[in-house]
Number of protein chains: 2
Amino acid sequence: MKILVTGGLGFIGSHTVVELLQKDYEVVIIDNLSNSSISVLEGITSITQKSPQFHKIDLKDKLRLSEFFEEHHDLDGIIHFAASKAVGESVEKPLLYYENNINTLVLVLQEMRRKELSNFIFSSSCTVYGQADELPITEEAPVKKAESPYGNTKQIGEEIIQEYAKTNPQFNAISLRYFNPIGAHKSTEIGELPIGVPQNLIPFITQTAAGKRKELSVFGNDYPTPDGTAVRDYIHVVDLAKAHIVALERLINAKNKKNYEVFNLGTGKGNSVLEVIQAFEKVSQQKLPYKIVDRREGDITAAYADTTKANTDLGWKAELGIEDSLKSAWEWQLKQE
Amino acid sequence: MKILVTGGLGFIGSHTVVELLQKDYEVVIIDNLSNSSISVLEGITSITQKSPQFHKIDLKDKLRLSEFFEEHHDLDGIIHFAASKAVGESVEKPLLYYENNINTLVLVLQEMRRKELSNFIFSSSCTVYGQADELPITEEAPVKKAESPYGNTKQIGEEIIQEYAKTNPQFNAISLRYFNPIGAHKSTEIGELPIGVPQNLIPFITQTAAGKRKELSVFGNDYPTPDGTAVRDYIHVVDLAKAHIVALERLINAKNKKNYEVFNLGTGKGNSVLEVIQAFEKVSQQKLPYKIVDRREGDITAAYADTTKANTDLGWKAELGIEDSLKSAWEWQLKQE
C-alpha cells in the first residue's frame with residue numbers, strides 16, 4: 001500500500017509518517033519545507049529504520065504536481081496535511097492562506113480526479129465549530145462563520161471535498177477535525193518545531209520553562225470557566241497520528257457507508273490554561289513564570305470533543321492523557337538545546 | 001487610465017469593454033476563450049472603432065499571469081469577470097469551479113499585492129442571498145449557505161476580497177452583485193453567446209423563437225407568486241456594464257469611505273417567467289411555444305433588488321426596462337443565423 005503524505009515533515013505529518021512506516025505502508029512525502037525542516041526526515045528514519053521517499057515540492061506549483069502524479073498514479077491513499085496554520089498570520093496575510101490551503105487542495109483533488117484516485121484524508125480543525133453552543137462538541141454541531149481566514153480555509157476545504165464527493169461516488173474521503181494537538185514522539189526524535197514565537201500554548205510553555213522566553217502570557221482569566229481561563233481539548237500527537245491510520249484503513253477497506261465522513265479527534269476532556277500549567281509544573285518539576293494578560297481576539301471560551309463517533313465508527317480512542325502529552329513535549333524541548 | 005478586464009470577451013465583459021473604450025479608457029483584455037469567441041473582439045472594434053489589447057491567457061497559468069503583471073504593473077484598475085458561471089455544471093464539476101473561480105481570483109489578487117495595485121471590481125451575484133426573507137433585497141440581507149458550488153465560489157470570493165481589504169487599506173475593492181443580466185448591445189455587434197443548450201431563460205426564449213429549440217420549458221408554476229412562476233430581476237447588460245464604469249470611477253477617485261463595498265445591480269423590478277414570455281411575444285411579434293415542467297432543483301421563488309444603495313452611492317440607475325432588454329436580445333438572436 002503506497003500512501004502520499006503532503007506536509008509529511010510537519011508536526012502531525014511526521015508523526016503520522018512514523019505510524020504508517022511502522023505498519024509497513026510505503027510512504028511518499030511531499031513537503032515544501034516552508035514551515036518544517038529536512039532534519040525531520042532523519043528523525044523519522046531513526047525511529048523506524050526506514051526511509052520514506054521525499055519530494056521537495058510546493059503544491060502551488062501545478063506543473064510539478066502534475067509531473068509527480070504522472071509518476072505516482074498508483075497511490076492507494078493521500079493524507080493531506082500541507083497547509084498554513086497560524087490564525088494570527090492568516091488575518092495579516094489572507095491571500096497566502098487561501099493560496100496555500102485552498103488552491104493547493106483544489107489542485108491535489110484535480111490530480112486525484114485525473115488519475116482516478118479515491119482515498120483522501122483532510123486535516124480539518126475544531127475551529128469550524130467556533131464557540132459551540134453545547135459541550136462536548138459532536139460532529140452534528142453547526143459550522144459557524146469563521147473568525148479568521150485560517151478557519152475559513154478549513155470550512156471551505158471541507159465544503160469542496162464534500163461537494164466533490166457528492167457527485168463522484170468513487171471518491172472516498174474523510175475530514176478529521178483536530179482539537180489541540182500537542183506532545184512529541186516518545187523517542188524525542190520528532191516533535192513540534194515552531195518557527196519564531198510560538199502561537200500555541202504548549203511550545204510557549206516548554207520554551208519558557210527552558211529559559212528561551214521570559215514568561216508565559218495567559219490570555220484572559222475572566223472567561224466563564226471554573227478558573228476563568230480558556231478550556232481546550234489537548235490531544236497527544238501520536239494518538240492523533242494513529243487516528244489517521246484507522247481512517248485510512250476505513251477508506252481503503254471501504255468500511256464507510258457514505259463516501260464522505262467527518263470525525264472529531266480529541267480526548268473528550270477539557271483542560272483550562274491554568275490546569276495545563278499546573279500539570280506541566282508537575283511533570284517537569286519546573287516552576288513556570290506567567291502573567292495574566294488581556295484576552296486574545298478571536299479566542300473562544302471552551303471547546304472539547306464528543307468522541308463517540310470516532311470511538312464507535314473508527315474504533316479509535318485517545319490513549320494518552322494531558323500529563324503524558326506534556327511530559328513528551330518537555331522531553332522534546334530539552335533535546336532542542 | 002489603463003484598465004485590465006479579465007473575461008473581457010464574455011457576455012458582461014465585452015459590453016463593459018465597449019463602455020470603457022467609449023469613455024477613452026485604455027483597455028487590456030485577458031480571456032482564455034473557454035466560454036467566449038475571439039470574434040467578439042471584432043464586434044467590440046466595430047462598435048468603438050478602437051482596438052483593445054488582447055491576451056489569450058488562462059488565469060490558472062500562474063507563470064503566464066506573473067509575466068503579464070510584470071509587463072502591466074501600471075494598471076489603474078482591474079475588472080475581474082473571468083469565471084465559470086453555470087450552476088448545474090458546477091454541481092457536476094465542483095473542482096473545475098473552485099479552480100476557475102477561486103484559485104484564479106487568489107492568483108490575480110496576489111499579483112495585485114505584489115505590484116501594489118489597488119482598484120478591483122469583482123463580479124458577484126444575487127445568488128449569495130439565496131431565497132431572501134424580504135423583498136426587495138438590500139445589501140444588508142444575510143448571505144445564505146450556497147446551494148451550489150457556483151454560488152459558493154461567489155460567496156467565498158467576496159470573503160477573500162473583504163478579508164484582504166481589511167488588513168490592506170491601500171487596496172480598494174467593490175463587489176457587484178448582479179441580478180439577472182440579459183439583452184445585447186443595440187448595435188447587435190455583441191450579445192450573449194451561450195455554448196450548447198442555454199441554461200438561462202432569455203437565450204432559451206430567443207433560440208426557441210428562432211426555431212432552434214422546439215419549445216421552452218417553464219420550470220414550475222406552483223411557486224407562491226402572483227402567476228405561480230418564478231420571479232427575477234432582469235437587467236439590461238448595457239446598464240450593468242455602465243455600473244462598472246461608475247464603480248471604477250468611485251474606486252479611482254477614492255470616493256468610497258470604506259475600502260471594500262458591495263452593491264446590488266438590478267432594475268428593482270421583478271418579473272415572472274410568464275410575464276417575460278408575454279413581453280417577449282409583444283416585442284418580437286412571435287408566438288412562443290412553451291410547456292410547464294417540474295421545478296428545477298435549487299431554483300428560488302423570487303428575487304429582485306433594492307437598488308437604493310447603488311442609486312445613492314454610485315449614482316447609477318438602470319435606464320432600460322424588460323421590453324428594451326428583450327427587444328435587444330431578439331435582434332441579437334436574429335443576427336446569429
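Okay, one term before anything else: when I say buried, I mean under 20% relative accessible area, with exposed being over 50% and partly exposed in between, using a 1.4 Å probe and protein chains only. Helices and strands are DSSP runs, H or I of at least four residues for helices and E of at least two for strands, numbered from the N terminus.

Now the housekeeping. This is a predicted model, where local features need pLDDT of at least 70, side-chain atom pairs count only at pLDDT 80 or more, and totals for chains, interfaces and linings use all residues. Residues are numbered from 1 along each chain as its sequence is written, chains are lettered from A and ligands numbered from 1 in the order in which they are written, and side-chain values use heavy atoms, with hydrogens and water left out.

Let's begin with strand S11 of chain A, residues 260-265. Six of its six residues are buried, so the strand is largely enclosed by the rest of the structure. As a reminder, in a regular strand the side chains alternate between the two faces of the sheet. Here, A:Tyr260, A:Val262 and A:Asn264 are buried on one side, and A:Glu261, A:Phe263 and A:Leu265 are buried on the other.

So where does S11(A) sit in the sheet? The sheet of chain A is open, with seven strands in the order S3-S2-S1-S4-S5-S6-S11 and parallel pairing; two strands count as paired if DSSP finds at least two bridges between them. Strand S3 (53-56) and S11 of chain A are the edges, each with a single partner strand, so one side of each has no neighbour in the sheet. From one strand to the next, the twist averages 20 degrees.

The partner of S11(A) is strand S6 of chain A, residues 172-178, and those two run parallel over six bridges. Within that pair, A:Tyr178 stands opposite A:Leu265. Further in, strand S4 (residues 77-80) and strand S5 (residues 119-125) of chain A pair in the parallel sense over three bridges, with A:Ile79 and A:Ile121 as bridge partners.

What packs on this sheet? Helix H6 of chain A, residues 149-166, does, touching S5, S6 and S11 of chain A, and its direction makes about 155 degrees with that of S5(A). For contact, read heavy atoms within 4.5 Å; for angles, axes are lines fitted to C-alpha atoms, for helices over the stretch in contact, and angles run from 0 to 180 degrees between N-to-C directions. Helix H8 of chain A, residues 237-252, lies across strand S1 (2-6), S4, S5, S6 and S11 of chain A, at about 160 degrees to S6(A).

Over to chain B, and helix H7, residues 201-209. Nine of its nine residues are buried, so H7(B) is largely enclosed by the rest of the structure. The cover over them includes strand S7 (180-182), strand S8 (216-219), strand S10 (234-236), helix H9 (273-284) and helix H11 (322-335) of chain B. Just after H7(B), B:Gly211 has a positive phi of about 85 degrees.

Back in chain A, A:Pro203 is in helix H7 and counts as buried at 8% relative accessibility. Not counting residues up to four places away in sequence, A:Pro203 touches A:Glu192, A:Pro194 and A:Pro198.

Leaving aside neighbours within four places in sequence, A:Asn103 contacts A:Tyr98, B:Ile102, B:Asn103, B:Val106 and B:Leu107.

Last, the interface itself. Chain B and chain A each put in 26 residues, and 100% of the interface residues of chain B are also interface residues in chain A, so the copies meet through the same surface. About 2,300 Å² is buried, 56% of that from carbon and sulfur atoms; buried area is the accessible area (1.4 Å probe) that two parts lose on being put together, summed over both. B:Leu95, B:Glu99 and B:Glu163 supply 27% of the area that chain B buries against chain A, more than any other three residues.

There are four salt bridges between the chains, a salt bridge being a side-chain nitrogen of Lys or Arg within 4 Å of a carboxyl oxygen of Asp or Glu. One of them joins A:Glu99 and B:Lys62, with the closest N and O atoms 2.7 Å apart.
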